[in-house]
Amino acid sequence: PSYMVPFLWGMIMLCFVAAILSLGLVYVMSIFAENVILYSVCIIIGIAIVVGTMLITLDISIGGWLILIFACMAAVFLYTIRQRLHFASINLKTACTAISSMPKIYYYAGIVYGLEIVYCLVWALHMVCPPMHPGTR
């Protein structure tokens, strides 16, 4: 169909942007490890509160309350691990340094990422225009 070319280009561009963002995240994590851990958990809690509240206002109260319970559990988790954040950030910085010192890891990650892109494209194409079975139109 005619909409397949823009769809495929969109998928390819999305994969390209995701690869660049993931490389940038490794760089950011190696510099600001403690803040990345803290802010990511805080952002997860904030998103859960917003989504849970929206679901409750839309009369999907079971889902909303479950998500708000998840937000409370994440807040308790953050409270209990805050003393260990410095240790976790040192471990994260060490891991990022180790990954950066071995460039072959990027080649292997690129190969696996390429295979993942192929898998996602095949899956997306199958979902957008499923194959025709014999006897159907």
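What is the volume of the largest pocket? The structure is a predicted model, and in it the largest pocket has a volume of about 270 Å³.

## The largest pocket

The lining of the largest pocket is formed by Ala19, Ser22, Leu23, Val26, Ile99, Ile105, Tyr106, Ala109, Gly110 and Tyr113. Two elements, helix 1 (4–31) and helix 5 (104–128), each give two or more residues to this lining. Helix 5 provides the largest share, with five residues.

In terms of residue class, the lining of the largest pocket holds eight nonpolar and two polar residues, and no charged ones.

## Helix 2 against helix 3

Two packed helices are described by the angle between their axes and the distance between the axes. For helix 2 (residues 33–57) and helix 3 (residues 61–81), the axes come within 8 Å and cross at roughly 160 degrees. Helix 2 is therefore roughly antiparallel to helix 3, since angles over 145 degrees are counted in that way. The crossing of helix 2 past helix 3 is left-handed.

On the side of helix 2, the contact is made by Leu38, Val41, Cys42, Ile44, Ile45, Ala48, Ile49, Val51, Gly52, Thr53, Leu55 and Ile56. Helix 3 contributes Ser61, Gly63, Gly64, Trp65, Ile67, Leu68, Phe70, Ala71, Ala74, Ala75 and Leu78. Sorted by class, the contact of helix 2 with helix 3 comprises 18 nonpolar residues and five polar residues, with no charged residues.

## Helix 2 against helix 4

Helix 2 also packs with helix 4 (residues 85–101), at an angle of about 120 degrees and with the axes 8 Å apart. This angle makes helix 2 oblique to helix 4. Helix 2 passes helix 4 in a crossing that is right-handed.

Here Ala33, Glu34, Ile37 and Leu38 of helix 2 meet Leu85, His86, Ala88, Ser89, Leu92 and Lys93 of helix 4. The contact of helix 2 with helix 4 has six nonpolar, two polar and two charged residues.

Terms used:
Residues are numbered from 1 along each chain as its sequence is written. This is a predicted model: local features need pLDDT of at least 70, side-chain atom pairs count only at pLDDT 80 or more; totals for chains, interfaces and linings use all residues. Side-chain values use heavy atoms; hydrogens and water are left out. Axes are lines fitted to C-alpha atoms, for helices over the stretch in contact, and angles run from 0 to 180 degrees between N-to-C directions. Helices (H or I, at least four residues) and strands (E, at least two) are DSSP runs, numbered from the N terminus. Angles under 35 degrees count as roughly parallel, over 145 as roughly antiparallel, 65 to 115 as roughly perpendicular and the rest as oblique. A crossing is left-handed if the near helix is turned anticlockwise from the far one by less than a right angle, and right-handed if clockwise. Contact means heavy atoms within 4.5 Å. Ala, Val, Leu, Ile, Met, Phe, Trp, Tyr, Cys and Pro count as nonpolar, Asp, Glu, Lys and Arg as charged, and the others, Gly among them, as polar. On a 1 Å grid over the protein atoms alone, a cavity is a set of points where a 1.4 Å probe fits but cannot get out, and a pocket is an open set with protein on both sides within 12 Å along at least five of seven lines; lining residues have an atom within 4 Å of a point. Grid points are joined across faces, edges and corners, and a volume is the space filled by probe spheres set on the points.
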